[in-house]
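New page in the notebook.

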Amino acid sequence: MAVGFDKDRLLKPLLFIACLVPFGGLLLGIYEGDLGPNPLETATHTTGDWALRLLLITLAMTPLRRMLHSPWPLRLRRMLGLFAFFYACLHFLIWLVLDQELRWAAIVVDIGKRPYVTVGFAAWLLLLPLALTSTRRAMRRLGRRWSQLHRLVYPAAVLAVLHFLWLVKADLREPLLYALAFTVLMLLRVPWRRFRGARLQREPVRRAG
Ligand code: HEM
């Protein structure tokens with residue numbers, strides 16, 4: 001039991017530091033003036049990539065718990081989800097401040113006109129209430145509605161993958177890989193065993209008929 005306790009205590013801070021590594025890399029790149037020929041593009045891509053990766057890693061925690069028969073993946077889920085939102089906010093802010101230079105009229109037009117921006121913005125909007133209700137207090141206050149609300153993570157992930165698919169012009173391999181990862185994660189959530197059990201129960205009845 002003591003081993004499990006130590007592992008839990010170590011895992012969270014280690015994961016916290018690991019999640020900050022891409023952010024640290026960006027800050028270091030800015031400090032050293034080493035973000036490549038197009039620093040704005042590098043920053044947008046890095047934050048977008050990590051927002052999506054962490055969102056998918058968050059979705060992997062429930063199937064992982066089931067596979068490992070251990071509760072630790074669920075203990076990391078909230079932190080991973082909040083880091084996904086952190087990178088999504090940075091990504092959005094970089095676009096708002098550095099790309100659009102806070103020209104609000106142009107921003108509204110862009111969100112309405114360019115489908116990949118519309119979809120990205122919708123994904124961010126869906127993640128917002130999840131981050132705001134991620135505290136234990138909100139969980140207690142919302143009761144059963146909390147789980148219903150947090151199902152918004154699935155359409156948010158679909159929109160985030162779609163956002164990536166939509167903005168890529170030529171090489172679709174990377175966004176398709178994310179789409180595949182999302183599909184696999186969703187399939188892992190299907191209770192196949194229960195489904196098979198129900199079919200086996202029905203079989204004799206069908207044969208008898
Ligand atoms: C808040 C609204 C959002 C806006 C305005 C936005 C805008 C952008 C822009 C301008 C790009 C670069 C496009 C290009 O280089 O042609 C981009 C790329 C990307 N965004 Fe977003 N985005 C938003 C939300 C999101 C969210 C919520 C996610 C994920 C959870 C996300 C994930 C990505 C990814 C993965 C890329 C591609 C990165 C790469 O090429 O490596 N975006 N986004």
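Predicted model: local features only at pLDDT ≥ 70, side-chain atom pairs only at ≥ 80, totals over all residues.

What share of the 209 residues in the protein is buried? I got 19%, where buried takes 20 or more other C-beta atoms within 10 Å of the residue's own, with C-beta atoms placed from the backbone.

Residues are numbered from 1 along each chain as its sequence is written.

Next I looked up the secondary structure: ten helices and zero strands. Helices are DSSP runs of H or I with at least four residues, strands are E runs of at least two, and both are numbered from the N terminus.

Then the ligand. I found 21 residues around the ligand, and Gly48, Phe92, Gly120, Trp124 and Ala160 come nearest (near means a C-beta atom, placed from the backbone, within 6 Å). H2 (39-68), H3 (72-99), H5 (115-132) and H8 (153-167) each give two or more residues to that shell. The largest share, eight residues, is from H2.

Last, H2 against H8. Their axes come within 11 Å; an axis here is a line fitted to C-alpha atoms over the stretch in contact. In H2 I noted Leu52, Leu55, Leu56 and Leu59, which meet Val153, Ala157, Ala160 and Phe164 in H8 (contact means C-beta atoms, placed from the backbone, within 7 Å). Ala160 also turned up among the residues nearest the ligand.

Conventions. Axes fitted to C-alpha atoms, helices over the stretch in contact; angles between N-to-C directions. Contact = placed C-beta atoms within 7 Å. Buried ≥ 20, exposed ≤ 12 C-beta atoms within 10 Å, placed from the backbone.
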